[in-house]
Amino acid sequence: MLKIRLTALFLILIGLMLGYFAGANFVRPDWFLGGISYRLGLDLRGGSHLVYQADVSEIDSSEISESMEGLRDVIERRVNAFGVTEPVVQVQKSGGESRLIVELAGVFDAEEAIKMIGQTPYLEFKTIRPEKERDVIIAAQEKRERVLEDPYFIPSELTGRFLKKSVLNFDLTTNEPVVLLEFNEEGAKIFGQITKENVGKQVAIYLDGLPISAPVVQQEIDSGSAQITGKFTPDEARALVRRLNSGALPVPIRLIAQQSVGASLGSESLVRGIIAGIYGILAVALFLIVRYRFPGLIAVFGLAFYVLLVLSVFKILPVTLTAAGIAGFLLSVGMAVDANILIFERMREEVRWGADIEHALETGFKRAWPSIRDSNISTLITSTILYWFGTSIIRGFALTLGIGVLASIFSALVATKFFIMAAGLRRNRFSFILYGAKRPEAN
Amino acid sequence: MVLAVSLFGIFVYGFNLGVDFSGGSILEVEFLGERPDLSLTEQKLFAAGIESFRIQPTGDKGFMVRVADTSDESRKLILSALSASDEPEKVLTEKRFDSIGPTIGRELRRNAFISIALVIILILVFVSWAFRHVSKPISSWKYGVVAILALMHDILIPAGLFAFLGHFYGAEVDALFVTALLTILGFSVHDTIVVFDRIRENLRKAEGRGEFESIVGKSLDETYGRSLATSFAIFLVLASLFWFGATYTRYFALTLLIGIVAGTYSSICLASPLLVSWHKWASRT
């Protein structure tokens with residue numbers, strides 16, 4: 001008995017800790033672990049979810065994943081430049097299609113973002129600006145004029161539009177990585193012209209407006225291919241090739257789906273979800289107490305333990321909470337109650353059959369177990385499949401439901417059980433009334 | 001009876017597919033001041049050259065416009081038509097804009113069917129497996145089949161209701177609706193299994209004595225209290241979700257509510273009697 005009570009006390013302690021962990025961020029964010037908050041989905045905090053279809057029909061199948069990576073990197077950079085907190089940019093394969101998913105929290109007017117993302121990454125070649133002009137601009141910039149001009153380089157006609165592809169190579173003698181550029185016919189002509197005019201000078205290569213390399217032209221090149229040597233590490237060179245390829249062979253992308261939720265609607269959904277949760281759980285608690293009396297009261301503690309456990313898991317993993325996710329969680333509360341109800345109905349029955357309460361408790365738990373197990377497995381099957389096939393909304397629901405079901409088995413079989421056992425059971429008239437069963441007829 | 005009405009609804013009215021299945025866009029706005037007149041707004045949208053749109057009021061000050069076109073231009077066009085100005089943000093706020101291209105729509109539709117079919121098959125396999133030790137007097141796969149029949153009943157009823165809702169109130173069948181159906185599948189089996197589990201236990205206790213029918217009857221007597229109690233608890237949660245929850249999970253909660261009610265009914269009044277009739281029919285001589 002002491003052991004049981006200690007276990008129950010231990011569970012209560014864990015419950016209190018979970019409670020602290022689950023709620024700290026609302027009350028005292030500055031306290032220990034209080035800085036961890038729930039991760040809210042776009043539908044609750046407002047934001048845009050964009051899905052792009054990448055046209056990979058022109059790309060060799062072995063290079064698709066590389067180009068998609070390149071695409072992702074470029075777009076991630078663009079999105080970062082946009083100042084979005086925690087943007088999500090993911091490549092998704094679906095059947096034979098390659099897609100890019102971009103999630104921008106807090107951006108409702110996705111128009112601007114779409115514009116930025118939609119542009120083909122911009123590769124430019126720039127030639128060096130004559131010294132005189134350069135000095136004039138620098139002087140002007142010191143007076144805070146002409147600040148938008150680049151004093152050192154002038155844009156040339158040559159852009160990523162003319163680049164056919166870029167390849168990583170290694171110098172045969174020095175063994176250093178070299179980035180090879182190959183232009184198309186028109187690009188080859190322009191490049192020939194530029195190199196002819198700039199022998200011995202720097203030609204800068206810009207990507208998305210940022211200089212990535214400024215090699216010195218050794219001689220005129222009319223073959224239509226160029227190479228960038230520099231002090232690259234192989235990794236840097238590889239990254240550069242990837243970036244250049246994405247600039248040059250922009251996997252053309254097309255917006256095929258967009259979902260934007262305004263911040264006002266998001267917070268409205270969040271508040272409503274929380275209110276629905278509170279009322280729903282209170283109603284269930286009341287029902288449990290009214291119908292099952294004392295064990296019902298204990299089950300409410302078990303339920304509180306359950307809710308805190310699930311909320312903590314949401315925080316730790318973390319699970320991105322959506323409106324559908326909150327619905328899944330609430331539904332799992334109903335399922336969690338079911339485990340308790342199964343046990344109590346069994347106990348009631350046993351008491352009615354004349355078993356003493358201690359015994360009824362033991363068999364109640366034991367007999368209820370197969371149905372709890374089998375019925376919850378069927379729900380787990382459903383949520384696994386939903387998770388596999390679902391879109392992000394459905395996934396949120398499936399994940400919270402699945403976690404909820406697992407946690408409910410644990411809390412019913414461990415928490416509720418020990419709470420009830422620890423509450424102490426003596427065979428007297430009073431306890432029969434408490435347990436909601438008639439005293440067995442004396443025979 | 002209810003089932004017949006549901007089937008009628010499904011076949012006569014069909015479903016209103018939401019944008020996530022059919023492709024298209026939805027734009028929801030809320031006016032800062034008074035909401036303009038509905039028919040006037042419709043005319044404005046016509047005048048702006050927007051094709052095949054549907055508009056319906058939402059809340060006190062909002063409109064929801066649905067169009068087939070998914071481009072951002074059409075969104076802007078609608079916004080300026082709704083607000084009757086070039087700076088829509090001064091008159092209204094955009095609450096939501098969803099646009100789904102037709103490819104994704106097709107794919108989601110396919111995935112919805114695949115997942116429903118997969119859930120049904122796996123549950124059939126699981127139930128047959130879980131009841132593998134109880135092959136007398138009826139074999140375990142029959143429990144699976146009956147569970148599936150009960151389950152069909154449980155999803156057809158909310159689906160039928162939705163056909164009616166769609167016809168009269170414009171409710172749409174979207175990914176969330178499919179999720180609700182799948183959840184009902186899970187719940188329905190959950191409920192049916194509890195009853196079957198009791199039959200399994202009582203059969204074991206009876207050790208071959210006693211009529212199958214009376215054992216099933218006894219098991220039902222012993223479990224319906226729990227079935228009702230559980231369903232009531234889930235009902236409470238869902239009702240709260242329906243009344244207080246996010247607008248956008250409202251129909252979702254409603255679908256689940258109906259499904260839970262149907263599921264409780266079917267596990268008590270449908271699944272076990274079916275099991276008995278099947279047994280009688282199979283053992284007739």
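User: At what angle do the axes of helix 6 and helix 7 of chain B cross?

Analyst: In this predicted model, the axes of helix 6 (residues 140-169) and helix 7 (residues 175-206) of chain B cross at roughly 140° and come within 9 Å. Axes are lines fitted to C-alpha atoms, for helices over the stretch in contact, and angles run from 0 to 180 degrees between N-to-C directions. Helices (H or I, at least four residues) and strands (E, at least two) are DSSP runs, numbered from the N terminus. Because the model is predicted, local features need pLDDT of at least 70 and side-chain atom pairs count only at pLDDT 80 or more, while totals for chains, interfaces and linings use all residues. Residues are numbered from 1 along each chain as its sequence is written, and chains are lettered from A and ligands numbered from 1 in the order in which they are written.

User: In which hand does helix 6 of chain B pass helix 7 of chain B?

Analyst: The crossing is right-handed. A crossing is left-handed if the near helix is turned anticlockwise from the far one by less than a right angle, and right-handed if clockwise. Residues making this contact include B:Tyr143 and B:Phe162 of helix 6 of chain B and B:Phe177 and B:Phe196 of helix 7 of chain B. By class, the contact has 14 nonpolar, two polar and one charged residues. Here Ala, Val, Leu, Ile, Met, Phe, Trp, Tyr, Cys and Pro count as nonpolar, Asp, Glu, Lys and Arg as charged, and the others, Gly among them, as polar.

User: Why does B:Leu161 count as buried?

Analyst: A residue is buried if 20 or more other C-beta atoms, placed from the backbone, lie within 10 Å of its own, exposed if 12 or fewer, and partly exposed in between. B:Leu161 has 22 C-beta neighbours inside 10 Å, so it counts as buried. B:Leu161 is placed in helix 6 of chain B. Leaving out residues up to four places away in sequence, B:Leu161 touches B:Ser6 and B:Ile258, where contact means C-beta atoms, placed from the backbone, within 7 Å.

User: Why does B:Leu32 count as exposed?

Analyst: B:Leu32 has 11 C-beta neighbours inside 10 Å, and therefore counts as exposed. B:Leu32 lies in the loop between strand 1 (24-31) and helix 3 (38-47) of chain B. Not counting residues up to four places away in sequence, B:Leu32 touches B:Val91, B:Leu92 and B:Thr93.

User: What makes strand 4 of chain B largely enclosed by the rest of the structure?

Analyst: Eight of its nine residues are buried, which means that strand 4 of chain B is largely enclosed by the rest of the structure.

User: How do you know that strand 1 and strand 4 of chain B pair, and in which sense?

Analyst: Two strands pair if DSSP finds at least two bridges between them. Strand 1 and strand 4 of chain B have eight bridges and pair in the antiparallel sense. In this pairing, B:Phe31 stands opposite B:Leu92.

User: How many bridges join strand 12 of chain A to strand 4 of chain B?

Analyst: Five bridges join them, and the two strands run antiparallel. A:Gln258 has B:Ser99 as its bridge partner, and A:Val261 stands opposite B:Arg96. Across the two chains, 55 residues of chain A are in contact with 54 residues of chain B. The elements giving two or more residues to the side of chain A that touches chain B include strand 12 (253-261) and helix 8 (263-316) of chain A. The residues of that side divide into 31 nonpolar, 17 polar and seven charged.

User: What is the order of the three strands that form an open sheet in chain A?

Analyst: The order is 7-8-11, with antiparallel pairing. Strand 7 (163-170) and strand 11 (225-228) of chain A each have a single partner strand, so one side of each is left without a neighbour in the sheet. Neighbouring strands of this sheet are turned by 25° against each other on average, direction ignored. Strand 7 of chain A pairs with strand 8 (residues 177-183) of chain A over seven bridges, and A:Lys165 stands opposite A:Glu182.

User: What span is expected for helix 5 of chain B, and what does it reach?

Analyst: The expected span is 1.5 Å times one less than the number of residues. Helix 5 (residues 102-130) of chain B has 29 residues and reaches 42 Å from its first C-alpha to its last, close to the 42 Å expected. Among its buried residues are B:Ile104, B:Leu108 and B:Val119.
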